[in-house]
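Here is a friendly tour of a model, written to be read with the structure open beside you. Please keep the viewer at hand as you go.

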Amino acid sequence: SVCNAPLLMVILQLGNGFGQGFGWPSLIKLLGGWFRSEERNIVLSWWSTSYILGGLLASSINEWLMLHVSTPSHTNFHPAYIASAGLLIACALLFLKETHNLPETPAINAVENNCTSQYQSWPSLLSNRQLRFISAVYFFLKMTRYTLLFWLPNYLVSAAGYRPHATSHVASYFELFGFVGPLATGYAVQRYFKNKLMAAGAGMLFALAFLCLLHPLLASSSTFALVSSIALMGVLIHGADILISGMAVLEAVPPALHGRAAGLVNALGSIGQALSPLLITVYVSHLGWTSLFDLFVFFALVAGTLCAIGARKNDADKPVLNRSVLEPVPTSR
């Protein structure tokens, strides 16, 4: 079994990390090239619901298979081990068959090549002050998101007194309602914030800090208040996630750098994700599970402050480009 082969487990985890790491920048690059700036925020908001609900669907399928499909006692194999992987392979093959590359026209290619020659080195990308703010915000945001994804059941058992079999259902509300966040964010920044993405992100993160501050009080009052708090956290965190890692990145750099910038921001966010287990273990061992949300308040306040500062400087580092030339021509996909 894989559990008895630590080296194989590490190799598989590394493969999973590389797969996600390569896929995200490519998809952001494609979406930035397929759609015009005035429509891509809405597209990103709908697209991001796929990986939120997809994770919930995969967990549900695996749980159902584990509970309802029996296997011979002499084997360590179970269909649940390959169900999600098989579904992912099928989706990848469908994506390969049905999608196209970026729209290509001589005008776009000429400007892209010129832009790439001017911004070809990593130091040039790192000199973009707006992108540095986005990366710093995403470091704290992704750390918070994955801490809740992986540690919320432990918190519900240790601090809220839930039985282990009930925690998965309560914790699932984080994602079950979380898919509403990107949709609300996409339409809100388009209609009310006039595409002032960092300002919208600051408002969402400060609201998240306030909610985390109230959460212990809500959790102790009733089950409905606890579930509502978890669901609203999912809405705010998932909405801010696509806003920072997708929408803001596409606006911060020229189209030629969309993929590279998305990779940089996601990489720094993944560092926060990787540090979260160590940080949470040390924090909880000293202060206990009941104070966990105090840490989330701190994360959200730091990220919201960085967003607010970035909102004041978002025009200073934008390169002056003729966007009418750069905008892609909508194509059928």
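Predicted model: local features only at pLDDT ≥ 70, side-chain atom pairs only at ≥ 80, totals over all residues.

Residues are numbered from 1 along each chain as its sequence is written, and side-chain values use heavy atoms, with hydrogens and water left out.

The protein chain holds 14 helices and 0 strands; helices (H or I, at least four residues) and strands (E, at least two) are DSSP runs, numbered from the N terminus.

**Overall picture**

- Along the sequence, the pattern of the protein chain reads α-α-α-α-α-α-α-α-α-α-α-α-α-α.
- Of the 333 residues in the protein chain, 41% are buried. Buried means under 20% relative accessible area, exposed means over 50%, and partly exposed is in between (1.4 Å probe, protein chains only).
- If you take the contacts between residues at least 6 apart in sequence, 80% of them join residues at least 24 apart. Contact here means heavy atoms within 4.5 Å.

**Helix H10 and its partners**

- Two packed helices are described by the angle between their axes and the distance between the axes. Axes are lines fitted to C-alpha atoms, for helices over the stretch in contact, and angles run from 0 to 180 degrees between N-to-C directions.
- Helix H10 (residues 197-221) and helix H11 (residues 223-252) have axes that come within 9 Å and cross at roughly 160 degrees. H10 is therefore roughly antiparallel to H11; angles under 35 degrees count as roughly parallel, over 145 as roughly antiparallel, 65 to 115 as roughly perpendicular and the rest as oblique.
- The crossing of H10 and H11 is left-handed, a term used if the near helix is turned anticlockwise from the far one by less than a right angle, with right-handed used if clockwise.
- In the contact of H10 with H11, the residues divide into 23 nonpolar, 5 polar and 1 charged. Ala, Val, Leu, Ile, Met, Phe, Trp, Tyr, Cys and Pro count as nonpolar, Asp, Glu, Lys and Arg as charged, and the others, Gly among them, as polar.
- H10 and H13 have axes that come within 8 Å and cross at roughly 165 degrees, so these two helices are also roughly antiparallel to each other. Their crossing is left-handed.
- Residues making the contact include Leu205, Phe206 and Cys212 of H10, and Phe293, Ala303 and Cys307 of H13. The contact of H10 with H13 divides into 18 nonpolar, 5 polar and no charged residues.

**Aromatic pairs**

- The whole structure contains 11 aromatic pairs. Rings of Phe, Tyr and Trp (its six-membered ring) pair if their centres lie within 6.5 Å; planes under 30 degrees apart count as stacked, over 60 as edge-to-face and the rest as tilted.
- Phe140 and Phe299 make a tilted pair, with 5.9 Å centre to centre and 50 degrees between the planes. Phe140 sits in helix H6 (residues 129-158) and Phe299 in helix H13 (residues 292-312), so the pair ties together parts that are 159 residues apart in sequence.
- Phe140 is buried at 18% relative accessibility, and Phe299 is buried at 4%.
- Tyr155 and Phe293 form an edge-to-face pair, because their ring centres are 5.0 Å apart and their planes lie at 65 degrees. With Tyr155 in H6 and Phe293 in H13, this pair ties together parts that are 138 residues apart in sequence.
- Tyr155 is buried at 5% relative accessible area, and Phe293 is buried at 1%.
- Phe139, Phe140, Phe298 and Phe299 form one aromatic cluster.

- Val137 belongs to helix H6 and is buried, with a relative accessible area of 0%.
- Setting aside neighbours within four places in sequence, Val137 is in contact with Leu205, Ile244, Ala303, Leu306 and Cys307. Val137 and Ile244 are 107 residues apart in sequence, and their C-alpha atoms are 7.6 Å apart in space.
- Thr185 lies in helix H9 (residues 180-191) and is buried at 4% relative accessible area.
- Not counting residues up to four places away in sequence, Thr185 touches Met204, Gly239 and Leu243. Thr185 and Ala200 are 15 residues apart in sequence and 8.3 Å apart in space, C-alpha to C-alpha.
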